[in-house]
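I would ask you to look at the sequence and the structure together before we go through them.

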Amino acid sequence: MCLRCGKVGCCDSSPGTHASRHSETTGHPVMRSIEPGEDWRWCYQDDLLG
């Protein structure tokens, strides 16, 4: 889920890579997992996991 606008997209390990495409087209760099039990964030701008 995009931390800036709330858009939900699949991660890069999924065929559609919707989250990275969303980041590229909008400039919104940080996504977070919405999977139950997961608590991570990914910054596409810096290629960092947090």
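Predicted model: local features only at pLDDT ≥ 70, side-chain atom pairs only at ≥ 80, totals over all residues.

What does Trp42 pair with? Its ring and that of Tyr44 have their centres 6.3 Å apart and their planes at 80°, so the pair is edge-to-face. The cut-off for that class is an angle of over 60 degrees. The count of aromatic pairs in the model comes to one. As for Tyr44, is this residue buried or exposed? Tyr44 is buried, with a relative accessible area of 19%; the limit for that term is under 20%.

Let me now turn to the secondary structure.

The three strands form an open sheet in the order 1-2-3, with antiparallel pairing. Which strands stand at the edges? They are strand 1, residues 30-32, and strand 3, residues 48-49; each has a single partner strand, so one side of each is left without a neighbour in the sheet. In general, the strands of a sheet pair through backbone hydrogen bonds, in either a parallel or an antiparallel manner. Strand 2 covers residues 41-43 and is joined to strand 3 in the antiparallel sense over two bridges. Within that pairing, Cys43 has Leu48 of strand 3 as its bridge partner.

Next, the helix. Helix 1 runs over residues 18-26 and contains His22. His22 is buried, with a relative accessible area of 10%. What is His22 in contact with, leaving aside its neighbours within four places in sequence? The partners are Cys2, Cys5, Lys7, Gly27, His28 and Met31.

Finally, I come to the protein as a whole. For 50 residues, a compact globule would have a radius of gyration near 10 Å, and the protein has 10 Å, which agrees. The C-alpha trace spans about 30 × 20 × 20 Å along its principal axes. Of the 50 residues, 24% count as buried. The protein exposes about 3500 Å², and carbon and sulfur atoms supply 52% of that area. Among contacts with a separation of 6 or more, 27% are between residues 24 or more positions apart.

That concludes my presentation, and I thank you for your attention.

Technical notes:
Residues numbered from 1 in each chain as written. Heavy atoms only, no water. Phe/Tyr/Trp six-rings, centres within 6.5 Å; stacked < 30°, edge-to-face > 60°. Buried < 20%, exposed > 50% of the residue type's maximum accessible area, 1.4 Å probe, protein only. Pairing = 2+ DSSP bridges. Helix = DSSP H or I, 4+ residues; strand = E, 2+ residues; numbered from the N terminus. Contact = heavy atoms within 4.5 Å. Rg over C-alpha atoms; globule rule 2.2 N^0.38 Å. Areas by Shrake-Rupley, 256 points an atom, 1.4 Å probe, with all protein chains shown as cover.
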